[in-house]
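Here are my notes on the model you sent, written as numbered points. Please keep the structure open while reading them.

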Protein chains: 2
Amino acid sequence: MAHSIDEVLKVHGLKITSTRKRVLGLYYQSDHALAHSDIEGQLDGEFDRVTLYRTLAAFEEKGIIHKVLDESGSVKYSLCNSSCQEDRHQDHHLHFQCEKCGNTFCLEGVHIPAPELPGGYQLSDWYMLAKGICQSCAVA
Amino acid sequence: MAHSIDEVLKVHGLKITSTRKRVLGLYYQSDHALAHSDIEGQLDGEFDRVTLYRTLAAFEEKGIIHKVLDESGSVKYSLCNSSCQEDRHQDHHLHFQCEKCGNTFCLEGVHIPAPELPGGYQLSDWYMLAKGICQSCAVA
DNA sequence: TCTTTAAATGCAACAGCGTTTCAGTAAAAA
DNA sequence: TTTTTACTGAAACGCTGTTGCATTTAAAGA
């Protein structure tokens with residue numbers, strides 16, 4: 001990849017701390033969205049849980065990660081691609097939640113067009129979630 | 001409407017109780033999805049909060065209401081239309097969350113086609129949420 | 001390099017959502 | 001009217017996420 005983790009933090013105006021390096025590293029390693037509980041589990045006790053919440057909030061605010069809504073009941077995040085800016089997450093791709101493993105994937109290749117709304121409604125953003133069986137679980 | 005509240009409960013194999021009649025009545029009166037907290041607020045203290053959770057769970061299980069995911073952080077439900085069955089909620093319509101009033105509406109007229117998935121993924125269900133300003137808030 | 005300062009962290013406490021268990025109660029069937 | 005079944009209320013608990021405050025650390029300036 002073109003940027004190191006330190007550079008990504010610096011570019012987005014965040015101080016380089018061990019928490020942020022560790023957490024961002026997990027996102028770069030993962031092929032699916034990660035919730036706070038996933039991070040906490042993988043970094044068992046290494047950092048305070050409140051710090052992890054604040055780390056995720058900082059990453060989201062700076063446009064490094066974006067929220068991924070699914071039916072798990074807790075908020076997950078994935079890395080943004082370059083088209084996302086600090087104030088606006090502009091990429092409309094499909095999110096896919098596997099009913100077997102529970103993981104949720106960003107399918108960047110599947111573009112979601114804006115829905116047609118009835119008169120009187122004003123559209124600002126949209127979001128699509130698909131459910132089913134993911135590649136790994138299908139072959140397993 | 002063709003069925004009374006009592007008949008709806010009976011048809012779906014649920015005992016007719018005062019909790020269920022009151023809660024189902026609220027759904028028939030509302031034009032937007034209702035969360036447990038909305039129900040609890042409108043029926044201030046009339047029933048135990050656990051009973052209300054169980055009432056909603058029973059309605060969903062029987063196919064009377066369906067989950068409406070949005071960014072509010074709590075689960076909302078709306079009345080199903082007739083195409084929903086006990087085990088499968090088959091209606092793919094758009095959900096619209098207003099950023100002003102926070103209400104989420106089922107736009108039954110906007111059909112959501114199945115997304116195209118990359119090879120290896122198996123689709124079972126899908127879900128689309130739009131955000132923006134609703135009709136009432138737009139004119140206000 | 002040392003000092004300053006602004007930001008990040010850890011800890012304690014708290015609030016909200018949702019679930020489980022169990023005893024008491026009410027609806028529907030016999 | 002009695003019996004059976006399932007619904008309800010209450011208490012307790014767990015998980016997710018937030019806030020306030022004291023302490024520590026990163027980064028900027030001398």
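This is a predicted model: local features need pLDDT of at least 70, side-chain atom pairs count only at pLDDT 80 or more; totals for chains, interfaces and linings use all residues.

1. Chain A on its own. Chain A contains 5 helices and 6 strands. A box of roughly 50 × 40 × 30 Å, taken along the principal axes, holds the C-alpha atoms of chain A.

2. Extent of the contact between the chains. Chain A brings 33 residues to the contact, and chain B brings 33 residues. About 2,500 Å² is buried between chain A and chain B, with 63% of that area coming from carbon and sulfur atoms. On the side of chain A, the residues that lose the most area to chain B are A:Tyr121, A:Gln122 and A:Met128, which together account for 23% of what that side buries.

3. Which parts of chain A touch chain B. Elements of chain A giving two or more residues to this side are β4 (93–98), β5 (104–111), β6 (122–133) and α5 (135–139). Of these, β6(A) gives the most, with 12 residues. By residue class, the side of chain A that touches chain B has 21 nonpolar, 6 polar and 6 charged residues.

4. The strand pair that joins the chains. β6(A) pairs with strand β6 (residues 122–133) of chain B, and the two are antiparallel over 11 bridges. As a place to look, A:Trp126 lies opposite B:Ala130 in β6(B).

5. What is the strand order in the open sheet of 6 strands? Reading across, the order is β5(A)-β4(A)-β6(A)-β6(B)-β4(B)-β5(B), and the pairing is mixed. At the edges are β5 of chain A and β5 (104–111) of chain B, each of which pairs on one side only. On average, neighbouring strands of this sheet are turned by 30° against each other, with direction ignored.

6. Strand β4 (residues 93–98) of chain B runs parallel to β6(B), and 4 bridges join the two. Here B:Gln97 stands opposite B:Lys131 in β6(B).

7. Salt bridges in the whole structure. Over all chains, the search finds 8 salt bridges. One to examine is between the side chains of A:Glu99 and A:Lys131, at 4.0 Å from N to O. The two residues are 32 apart in the chain: A:Glu99 is in the loop between β4 and β5 of chain A, while A:Lys131 is in strand β6 of chain A.

8. A second sheet, in chain B. An open sheet of 3 strands in chain B has the order β1-β3-β2, with antiparallel pairing. β1 (34–35) and β2 (65–68) of chain B each have a single partner strand, so one side of each is left without a neighbour in the sheet. Between β2(B) and strand β3 (residues 76–79) of chain B there are 4 bridges in the antiparallel sense. B:Val68 has B:Lys76 in β3(B) as its bridge partner.

9. Helices on that sheet. Helix α2 (residues 18–29) of chain B packs on the sheet and touches β1, β2 and β3 of chain B, its direction making about 75° with that of β3(B). Helix α4 (residues 49–61) of chain B also packs there, touching β2 and β3 of chain B, and its direction makes about 105° with that of β2(B).

Key. Residues are numbered from 1 along each chain as its sequence is written. Chains are lettered from A and ligands numbered from 1 in the order in which they are written. Side-chain values use heavy atoms; hydrogens and water are left out. Contact means heavy atoms within 4.5 Å. Buried area is the accessible area (1.4 Å probe) that two parts lose on being put together, summed over both. Ala, Val, Leu, Ile, Met, Phe, Trp, Tyr, Cys and Pro count as nonpolar, Asp, Glu, Lys and Arg as charged, and the others, Gly among them, as polar. Two strands pair if DSSP finds at least two bridges between them. Axes are lines fitted to C-alpha atoms, for helices over the stretch in contact, and angles run from 0 to 180 degrees between N-to-C directions.
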